[in-house]
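User: I would like to learn how to read pockets and cores in a model. Please take me through one.

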Amino acid sequence: DPTPEQRRQMEVSGGVLVEQARGSAARAELRQGDVILALVTSGRQTPVKSVEQFNQLTTGLTKGKVVTLLVSRGSLPNFVSLRVEE
């Protein structure tokens with residue numbers, strides 16, 4: 001989770017900080033320092049508030065399913081789609 005200072009600097013109220021991206025996340029150009037603000041699955045967008053909640057949201061996602069993340073990079077929000085791997 002970003003520290004309160006990081007959240008202030010990035011101007012976000014929640015989300016989880018990406019420390020490392022590999023596999024489909026790296027291919028989708030998710031980068032260290034990005035903040036994942038929301039997860040979109042089956043047409044439903046869920047705000048991400050903590051690492052624990054993000055892990056709960058992603059546990060059990062079917063391999064091959066496409067998910068979309070709302071990501072803050074700098075001051076610009078972007079949607080990044082990726083295919084779930086093992």
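User: Which element gives the most to the lining of the largest pocket?

Analyst: In this predicted model, helix H3 gives the most, with four residues. Strand E1 (16-17), helix H2 (24-27), strand E2 (35-41), helix H3 (51-58) and strand E4 are the elements that give two or more residues to that lining.

User: How much space lies in the largest pocket?

Analyst: Rolling a probe the size of a water molecule over the atoms shows where empty space is left. Here the largest pocket holds about 710 Å³ of space. Its lining has 25 residues, and Gln-20, Ala-25, Leu-30, Ile-36 and Phe-54 lie nearest the centre. By class, the lining residues are 15 nonpolar, five polar and five charged.

User: Which residues have the most contacts inside the largest nonpolar core?

Analyst: In soluble globular proteins, nonpolar side chains tend to be buried together. In this model the largest nonpolar core has 14 residues, and Leu-30, Ile-36, Val-48, Phe-54, Leu-69 and Val-71 have the most contacts inside it. E2, E4 and E5 each give two or more residues to this core, and E4 has the largest share, three residues.

User: What does Phe-54 touch?

Analyst: Leaving out residues up to four places away in sequence, Phe-54 touches Val-16, Ile-36, Val-48 and Leu-69.

User: In which sense do E4 and E5 pair, parallel or antiparallel?

Analyst: Strand E4 (residues 66-73) pairs with strand E5 (residues 76-83) in the antiparallel sense, over eight bridges.

Key:
Residues numbered from 1 in each chain as written. Predicted model: local features only at pLDDT ≥ 70, side-chain atom pairs only at ≥ 80, totals over all residues. Heavy atoms only, no water. Pairing = 2+ DSSP bridges. 1 Å grid on protein atoms, 1.4 Å probe; cavity = no way out; pocket = protein on both sides within 12 Å on 5 of 7 lines; lining within 4 Å. Points joined across faces, edges and corners; volume = space filled by probe spheres on them. Nonpolar A, V, L, I, M, F, W, Y, C, P; charged D, E, K, R; others polar. Core = buried A, V, L, I, M, F, W, Y, C linked by side-chain atoms within 4.5 Å. Buried < 20%, exposed > 50% of the residue type's maximum accessible area, 1.4 Å probe, protein only. Contact = heavy atoms within 4.5 Å.
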